[in-house]
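Welcome! Take a moment to look over the sequence and the 3D view before reading on.

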Amino acid sequence: MTRMSAPETPQAAPRILSGMQPTSDSLHIGNYLGALVNWVKLQDDHDAFYFVADLHALTVPTDPEVLRERTRKTVAQFIAGGVDPQRSSLFCQSHVPEHAELGWVMNCLTGDGEARRMTQFKDKTAKGQSANVGLLTYPMLMAADILLYDTAFVPVGEDQRQHLEITRDLAGRFNTRFGEALVVPEPYIVKGSAKIMDLQDPTSKMSKTGSSPKGLIDLMQDPAKIAKNIRSAVTDTEAEIRYDVANKAGVSNLLIIHSTLSGQSIDELESSFVGRGYGDLKKEVADVVVAAIEPFQVRMAELLDDPAELDRILASGAERARGVAQSTMVRVRERVGLLPAAR
Ligand code: TRP
């Protein structure tokens, strides 16, 4: 591979970084359209770092074997969805121990109240879920993920905005206290990025944990089942196919799914459906989704069949990531006053 590994090498393309937790066995179409499609596009003109946030996943108790399995599947899904490990650095968070190390430094820069005020922590604890300290310090580990790589942009969904704010605060605080050493990243909340809603409850976001099985489009599901779920999506009592999220959430959601996968604009779709019924819309959306999912599933099967190849991909991604992360940590350790270990 001809890739640059020295962090001092001038970056031709701006660096971006993003991650996803291996929280379930498969991505649903909301993650796929909302994030992955975008990652794939961005890798063309950015120096992209994409990783599986397995350390973050430990905040929710998970059976170890299940976690390993989900981690492999998540990596496979990135690749099947179009992330190219030759062009992007694709790795597993835990393979680069500097994440945890810088995470600790970030913890020590964060106020206790500041951490407790984070909405994700408040929401999770308000729901009565028992929280461990990992959940409280989740944002500081995420800040470390980002700051280790001199990241310029972090492409994430709207729900991650507050995490990026605290990352920027922590980077600024570090630089003020210890001298400029960390790049303050810009959020890259992708405008118009697809926000896919639950098929059965189109006013709430499609989510692996919150949605019922019928509300979800799971990328690893049998295509016939996917088509069936789309055909029974909740719409409304009118008959007009029009994009109007406030009044026609279900129909709008179907139009967004169609548009993102087919590349046709919402306007074009509205015109093509003039005078046609919801049944037609659902059938067409089902066809578009199934056509996209079938090749994805074939690629997934190939990847999962060859775990050694997945391991090689992760090893080379981690090697590149470690090169950058280690040099950041040399700077950080020196700045905060940790004694260098003699060799
Ligand atoms: N918190 C992110 C999510 O749940 C995942 C994540 C962890 C992440 N570390 C990150 C995203 C760093 C972007 C950058 O979606």
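This report looks at the ligand and its surroundings, then at pairs of aromatic rings, in a predicted model.

## Around the ligand

Now zoom in on some polar side-chain atoms. One in Tyr-138 sits 2.7 Å from a ligand nitrogen atom, and an N or O atom in the side chain of Asp-145 is also 2.7 Å from a nitrogen atom of the ligand. For Gln-160, the distance from a polar side-chain atom to a ligand nitrogen atom is 3.0 Å. On its own, the ligand has 370 Å² of accessible area, and the protein covers 89% of that.

## Aromatic pairs

How many aromatic pairs does a search of the whole structure find? There are 9. In one of them, the rings of Tyr-32 and Phe-296 have centres 5.9 Å apart and planes at 65 degrees, so this pair is edge-to-face. The two residues are 264 residues apart in the chain, with Tyr-32 in helix H1 (residues 29–42) and Phe-296 in helix H13 (residues 278–304). Both Tyr-32 and Phe-296 are buried.

Trp-39 and Tyr-50 make a stacked pair, 4.4 Å centre to centre with 5 degrees between the planes. Trp-39 and Tyr-50 are both buried. Finally, look for the cluster that ring pairs build from Phe-49, Phe-51, Phe-91 and Tyr-149.

Conventions:
Residues numbered from 1 in each chain as written. Predicted model: local features only at pLDDT ≥ 70, side-chain atom pairs only at ≥ 80, totals over all residues. Heavy atoms only, no water. Polar contact = N/O pair within 3.5 Å; in protein donor to acceptor, adjacent residues only side chain to side chain. Areas by Shrake-Rupley, 256 points an atom, 1.4 Å probe, with all protein chains shown as cover. Phe/Tyr/Trp six-rings, centres within 6.5 Å; stacked < 30°, edge-to-face > 60°. Helix = DSSP H or I, 4+ residues; strand = E, 2+ residues; numbered from the N terminus. Buried < 20%, exposed > 50% of the residue type's maximum accessible area, 1.4 Å probe, protein only.
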